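The stops below go from the whole chain to single elements.

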Amino acid sequence: MAEVTEDKKVDADSKRVHTYPLIRHSDMNDEMKTEAMELCVTACEKFASNNENAAKMIKDTMDKKFGASWHAVVGEGYGFEITHEVKNLLYMFFGGNMAIILWKCS
């Protein structure tokens with residue numbers, strides 16, 4: 001019976017692809033990208049069960065730090081097509097399948 005429990009635990013862990021932030025696409029400069037990535041990780045960890053609050057924290061912080069008109073979407077299993085200002089886009093994954101898209105447009 002102990003073996004069955006261990007098998008289930010291994011299966012649950014194998015579903016998580018990665019636990020570190022994975023940037024899929026970004027055209028931000030390195031400094032802004034690093035700050036945005038750290039902010040996204042912090043927000044997702046702080047609001048692990050509420051994606052809306054995580055997105056609001058990311059948006060509000062970016063508005064204060066880099067000027068208005070930032071947008072953020074945090075969630076799983078969505079598609080998107082956006083128009084953004086050049087050098088103001090970050091698309092990343094965190095915690096396996098949590099996707100974050102962050103962009104600025106005015």
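Start with the whole chain, which is a predicted model. Among contacts between residues at least 6 apart in sequence, 57% join residues at least 24 apart. Trace them from the N terminus, and the order reads α-β-α-α-β-β-β.

The chain exposes about 7,000 Å². Carbon and sulfur atoms supply 51% of that area. Of the 106 residues, 34% count as buried.

Hide the surface and select the strands. In what order do the four strands lie in the sheet? The order is S1-S3-S4-S2, in an open sheet with antiparallel pairing. Strands S1 (22-26) and S2 (70-75) are the edges, each pairing on one side only. Look along the sheet for its twist, which averages 15 degrees from one strand to the next.

Now zoom in on S2 and its partner S4, residues 98-104. The two strands pair in the antiparallel sense over six bridges. Pick Ala-72; across from it, in S4, stands Leu-102.

Finish with helix H3, residues 51-66. H3 also packs on the sheet, touching S2 and S4. Compare directions here: H3 makes about 155 degrees with S2.

Conventions. Residues are numbered from 1 along each chain as its sequence is written. This is a predicted model: local features need pLDDT of at least 70, side-chain atom pairs count only at pLDDT 80 or more; totals for chains, interfaces and linings use all residues. Side-chain values use heavy atoms; hydrogens and water are left out. Buried means under 20% relative accessible area, exposed over 50%, partly exposed in between (1.4 Å probe, protein chains only). Contact means heavy atoms within 4.5 Å. Accessible areas come from the Shrake-Rupley method with a 1.4 Å probe; for residues, only the protein chains shown count as cover. Two strands pair if DSSP finds at least two bridges between them. Axes are lines fitted to C-alpha atoms, for helices over the stretch in contact, and angles run from 0 to 180 degrees between N-to-C directions.
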